[in-house]
Amino acid sequence: MIKLILVMLLGWAGFTLFKKYLKPTLNGTVKTESGEKMVACSVCETHIPESDAIIKNGKTFCSKEHSE
Ligand SMILES: [Zn+2]
């Protein structure tokens with residue numbers, strides 16, 4: 001009997017987590033797929049993911065050309 005309750009609890013927990021996981025996808029959030037932060041280039045104001053940005057002297061740039 002205890003086993004049955006445990007299985008039901010696990011099933012319910014799994015279902016709740018599954019719903020939580022699906023919700024942001026259904027609502028279509030603004031964030032990028034990986035939830036990455038977007039930064040603006042100091043020269044042309046183009047928004048790029050932080051990992052693609054070139055950071056020089058505390059400023060962010062979209063490309064090598066703009067950082068020079
Ligand atoms: Zn730029």
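Me: Is N57 buried or exposed, and how many other C-beta atoms lie within 10 Å?
Reply: N57 is exposed, because 7 other C-beta atoms lie within 10 Å. The cut-offs are these: a residue is buried with 20 or more other C-beta atoms within 10 Å of its own, exposed with 12 or fewer, and partly exposed in between, with C-beta atoms placed from the backbone.

Me: Before I go on, what kind of model is this?
Reply: It is a predicted model, in which local features need pLDDT of at least 70 and side-chain atom pairs count only at pLDDT 80 or more, while totals for chains, interfaces and linings use all residues. Residues are numbered from 1 along each chain as its sequence is written.

Me: OK, where is N57 found?
Reply: N57 is in the loop between β3 (54–56) and β4 (59–61). Its phi is positive, about 50°, although N57 is not a glycine. Most residues other than glycine have a negative phi.

Me: How much of it counts as buried?
Reply: Of the 68 residues of the protein chain, 4% are counted as buried.

Me: Back to loops. What is the phi of E45?
Reply: The phi of E45 is near 65°, a positive value in a residue other than glycine. E45 sits in the loop between β1 (38–40) and β2 (47–49). E45 counts as exposed because it has 8 C-beta neighbours inside 10 Å.

Me: And T46, what does that touch?
Reply: Leaving aside neighbours within four places in sequence, T46 is in contact with A40, C41 and C62. Contact means that the C-beta atoms of two residues, placed from the backbone, lie within 7 Å. T46 is also in the loop between β1 and β2, and it is partly exposed, with 13 other C-beta atoms within 10 Å.

Me: How far is K56 from E68 in space?
Reply: C-alpha to C-alpha, K56 and E68 are 9.0 Å apart, and they are twelve residues apart in sequence.

Conventions: Helices (H or I, at least four residues) and strands (E, at least two) are DSSP runs, numbered from the N terminus.
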